[in-house]
Amino acid sequence: MAEIKRKSKSKKNQFMFLKDSIMTGISYMIPVIVGGGVLQAIAKMLGGYDIATRMTDIDSLAKVIMLIGQALMGFTVPAIAAFIAYAMADKPGIAPGLAMGAIATTLNTGFVGGLVGGILVGYLVIAAKKIKVPKALSGIMPILVIPTLVTLAAGLIMYYILGIPISAFMKLLTGFLTSLNGGSKFLFGAVIGAMICADHGGPINKTAALFVNGLNADGFFIPTSAKMCAGMTAPMGIALATFLGGKKKFSDGEREQAKSLVLLSACYVQEGVIPFLLKDPVRVCASCMTGGAITGGLCMMAGLESPAVHGGAFVIAMTSNPLLFIGFWALGACITGVLYAILRRPLPEGYIDEDMSSPLI
Amino acid sequence: MYIVCVTSCPVGIAHTYMAAANLEKAAKAKGLEVKVETQGAQGVENEITKEDIKRADGCIIASDIRIKNSGRFEPIPTLNVSVSEAVKDAKSIVEELLEAIE
């Protein structure tokens, strides 16, 4: 590519290459985890929350939906492994990547195992592509040699070397999460909530979301509710603040835009807060993080489970306690809203509205 | 002058489209002809064709992930930026591209 060298920004290095690849993997994994999670949640709504433990005893539509949901959910880790490898090494990465994802389940290395396996496959395929072979044989490289040898090599490495520390780490993490109680539980949720509400879709938010989605893929549904509920408080809170602050503190454009934030909040699309965050970074950030942290902490402490990683108000019914979820959502939004309405400086005299139209709606 | 852009983000429901809207606005403000392809959760929308690339003077790729078919931009000067840069400050990205291709 005739790439233009950027003057000020750092060049694309290995770290950026990996980050982009992991993000690509996640972008392909999200529909899988959302679809699978929501289907299982529907099954739980129809057949009772403990349906997963009674699967052999029942024979109903709920059970069939549960099976379909589980089938899709089973592809979560293979999807991330395969598409990380795909992003790094293109098409030949997919087949070995799928294998690494599936073997992660066998080895109990879960999401982290899939991530590491995908990266490993990516590098192996890149290396394999560099091997010089006679022209006559070059056709069989991507369809025979790479799928066979790279899968074998990566599989052996995962099985005998990398899988062992990762599986130990997962056990440690599982132990840590199940042993959390009281204050530490609240703190854990509060950290998730604060990170989610720190930059609304930026790197801090993505890091927290990645961690929580990874836990969700491994069957821990409580942090997911902390993440989603906290994320939903921010747009609603800012909308509330414009309502409380009124004309003295917010321009007409802002108050108009805040109406769309109510809808965005219900959809768990935090990005609508960004225009506000850019204009008034410190105060918006402080208010949103406070509301988000309290909501996240409460979700975690109450053990509120959300099998769906995304969906906002549309998946509330599928959480283990919908009313509680709505309560925490409203509470966090009120805290953020009241706080920001107080913190916000009044508009200067004769303020003229600048263009702040939302490209979202 | 004609520029083409591609925007994409991991989830593909918000940043992709915010970046696209901002780039389009910034380019039009400079009096440029512009076409923005989005690679969001919907897949590829408003696809940049071979004819577009033949005609284009420059390309901006605003993405945090690997975009589809990046090879097609081989013949034209291409500026790679992160999607959040385009959300926050599309104007200076367009300026940077113009400066580089002039």
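**Close-up views of salt bridges and a domain contact**

Glu24(B) has a relative accessibility of 30% and therefore counts as partly exposed in this predicted model.

View 1. The side chain of Glu24(B) meets that of Lys28(B) in a salt bridge, with a distance of 3.2 Å from N to O. Both residues belong to helix H1 of chain B, which covers residues 15-29, and they stand four residues apart, about one turn of the helix.

**View 2. A salt bridge between distant parts of chain B.** Lys30(B) and Glu95(B) form a salt bridge in which the closest N and O atoms are 3.1 Å apart. The two partners are 65 residues apart and link distant parts of the chain, Glu95(B) lying in helix H4 (residues 90-101) and Lys30(B) in the loop between H1 and strand S2 (33-40) of chain B. With a relative accessible area of 35%, Lys30(B) is partly exposed, and Glu95(B), at 31% relative accessibility, also counts as partly exposed.

View 3. Glu254(A) and Arg344(A) pair through their side chains in a salt bridge of 2.9 Å, N to O. This pair likewise links distant parts of its chain, 90 residues apart, with Glu254(A) in helix H11 (residues 252-266) and Arg344(A) in the segment after helix H14 (322-343) of chain A. Glu254(A) counts as buried because its relative accessibility is 2%, under the 20% cut-off, and Arg344(A), with a relative accessible area of 9%, is buried as well. Together with Lys279(A), these two residues are linked in a network of salt bridges. Over all chains, the structure holds 12 salt bridges.

**View 4. The contact between the two domains of chain A.** Chain A is divided into domain 1, residues 11-179, and domain 2, residues 183-343, and the centres of these domains, taken over C-alpha atoms, are separated by 29 Å. To their contact, domain 1 contributes 21 residues and domain 2 contributes 22 residues. The area buried between them is about 1800 Å², with carbon and sulfur atoms giving 81% of it. Across this interface zero salt bridges are found, and the count of residue pairs in polar contact, both at pLDDT 80 or more, is one.

**View 5. The domain 1 side of that contact.** The elements of chain A that give two or more residues to the side of domain 1 touching domain 2 are helix H1 (14-47), helix H5 (110-130) and helix H7 (140-179). H1(A) gives the most to this side, with 10 residues. By residue class, the side divides into 15 nonpolar, five polar and one charged.

Methods
Residues numbered from 1 in each chain as written. Chains lettered and ligands numbered in written order. Predicted model: local features only at pLDDT ≥ 70, side-chain atom pairs only at ≥ 80, totals over all residues. Heavy atoms only, no water. Salt bridge = Lys/Arg side-chain N within 4 Å of Asp/Glu carboxyl O. Buried < 20%, exposed > 50% of the residue type's maximum accessible area, 1.4 Å probe, protein only. Domains from an automatic or database assignment. Contact = heavy atoms within 4.5 Å. Buried area = accessible area lost by both parts, 1.4 Å probe. Polar contact = N/O pair within 3.5 Å; in protein donor to acceptor, adjacent residues only side chain to side chain. Nonpolar A, V, L, I, M, F, W, Y, C, P; charged D, E, K, R; others polar.
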